[in-house]
Amino acid sequence: MIAIDGFWIWDSWYIEHAGSWHAFYLKAPTALGDPDLRHANARIGHSVSSDLAEWTALPDALGPGADGDFDDLAVWTGSIVRHAGVWHLFYTGVEKRSRTKIQRVGHATSVDLLSWDRVSNAPVTTADDRWYSTAARPPSFDEPWRDPWVFREDGLWHMLVTAREPATDGSAHGSVGHCISPDLLAWEVARPLSSSSGFGQIEVMQVLQARGRHLLVFCAAASDVIAEGVPAVTGTYTAPADGPLGPFHFDRAEPIHAPGIYAGRVVRKSRGDLVLLGFVDSDAGGAFAGVICDPIPLRLTARGTLQPEGEA
């Protein structure tokens with residue numbers, strides 16, 4: 001479990017390197033009093049482990065940008081890839097002006113996973129109103145474009161982003177935003193990889209392959225489930241996919257049976273075993289817990305989704 005005295009911890013992502021696991025996660029001080037305030041005070045923390053269970057905290061990876069920058073309020077969820085000996089962190093930035101309503105993607109690099117430098121004080125991708133909801137369209141001053149998940153496929157780099165279809169009646173579906181780059185530096189915003197997903201939000205996405213099957217991992221609140229026949233719970237879901245770029249079969253999505261765990265990431269251990277790591281949404285007393293759970297072993301079901309070992 002990852003727990004740090006005096007801080008709440010929530011969304012996380014993981015890198016294995018040189019025999020150690022590195023966890024990057026959002027953190028904010030419990031001195032704020034109200035856990036709902038954590039989003040406007042988030043920075044990216046860093047811990048290391050040899051077994052995904054016992055963790056040692058390291059200096060924070062990244063904090064908010066300078067006044068006037070797109071990320072001058074807080075930095076949110078992202079992902080990390082390595083290319084040509086350099087680590088690339090793609091993260092969400094939010095500004096003071098819109099108080100988290102407008103979200104954009106930033107880019108920082110490192111050679112050692114410890115010291116990170118911003119590539120620019122400007123975002124590298126933003127929502128394109130041809131295909132995505134932006135602050136210029138209803139509902140006004142709201143622009144979801146967060147949680148970048150970056151991977152390489154067919155010689156190009158791809159970024160999946162939590163976005164939303166253009167809102168015309170207040171009930172737009174969450175969208176799998178998509179960007180493409182040849183070099184991790186220049187990014188082109190592309191058409192979304194979903195349509196009428198059946199979810200109001202598709203948060204903290206991850207694509208992976210298990211036993212030859214492709215899956216999309218994401219999280220959603222019970223109130224965000226629009227599709228009929230999909231269990232409406234607050235948690236981490238998996239949906240079968242035809243490939244890493246879809247199509248994604250949201251109509252067959254299933255929540256992972258791990259009550260109270262949100263924004264889960266699926267981590268592949270050295271022997272190929274899969275485990276789930278996510279934050280504990282509430283403690284036994286119902287208060288926000290703000291810790292990362294111990295690894296939960298997973299298995300692939302016959303339906304092409306993931307469930308804890310021993311679950312049907």
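A residue is called buried here when its relative accessible area is under 20%, and by that definition buried residues make up 56% of the 312 residues in the chain of this predicted model.

Figure 1. Taken along the principal axes, the box that the C-alpha atoms fill is roughly 50 × 45 × 45 Å. Among the contacts in the chain with a separation of 6 or more, 48% are accounted for by residues 24 or more positions apart. The accessible surface comes to about 13000 Å², and 48% of that surface belongs to carbon and sulfur atoms. The chain carries 25 positive and 38 negative side chains, and the centres of these two sets lie 3 Å apart.

Figure 2. A disulfide is a covalent bond between the sulfur atoms of two cysteines. A search of the whole structure finds zero disulfides.

**Figure 3. Asp 60 in strand E4.** Strand E4 covers residues 56-62 and includes Asp 60, a residue that is partly exposed, with a relative accessible area of 28%. When its neighbours within four places in sequence are left aside, Asp 60 is in contact with Lys 27, Arg 43, Ile 44 and Gly 45. The C-alpha atom of Asp 60 is separated by 20 Å from that of Trp 149, a residue 89 residues apart from Asp 60 along the chain.

**Figure 4. Glu 153 in strand E9.** Glu 153 is found in strand E9, which spans residues 146-153, and Glu 153 is partly exposed, with a relative accessible area of 26%. Leaving aside its neighbours within four places in sequence, Glu 153 is in contact with His 158 and Pro 244. Thr 92 and Glu 153 are 61 residues apart along the chain, and their C-alpha atoms are separated by 22 Å.

**Figure 5. The cis peptide bond between Gly 246 and Pro 247.** The peptide bond that joins Gly 246 and Pro 247 is cis, with an omega of about -5 degrees. Pro 247 is found in the loop that runs between strand E15 (235-241) and strand E16 (254-255).

**Figure 6. Leu 113 and Ala 263, each with a positive phi.** Leu 113 is not a glycine, although its phi is positive at about 70 degrees. This residue is found in the loop between strand E7 (103-110) and strand E8 (117-118), and Leu 113 is buried, with a relative accessible area of 0%. Ala 263, which is not a glycine either, has a positive phi of about 55 degrees. Ala 263 lies in strand E17, made up of residues 261-268, and Ala 263 is buried, with a relative accessible area of 1%.

Conventions
Residues are numbered from 1 along each chain as its sequence is written. This is a predicted model: local features need pLDDT of at least 70, side-chain atom pairs count only at pLDDT 80 or more; totals for chains, interfaces and linings use all residues. Side-chain values use heavy atoms; hydrogens and water are left out. Buried means under 20% relative accessible area, exposed over 50%, partly exposed in between (1.4 Å probe, protein chains only). Contact means heavy atoms within 4.5 Å. Accessible areas come from the Shrake-Rupley method with a 1.4 Å probe; for residues, only the protein chains shown count as cover. Lys and Arg count as positive and Asp and Glu as negative; His and the chain ends are not counted. The place of a charge is taken as NZ of Lys, CZ of Arg, CG of Asp or CD of Glu. A disulfide is a pair of cysteine sulfur atoms within 2.5 Å. Helices (H or I, at least four residues) and strands (E, at least two) are DSSP runs, numbered from the N terminus.
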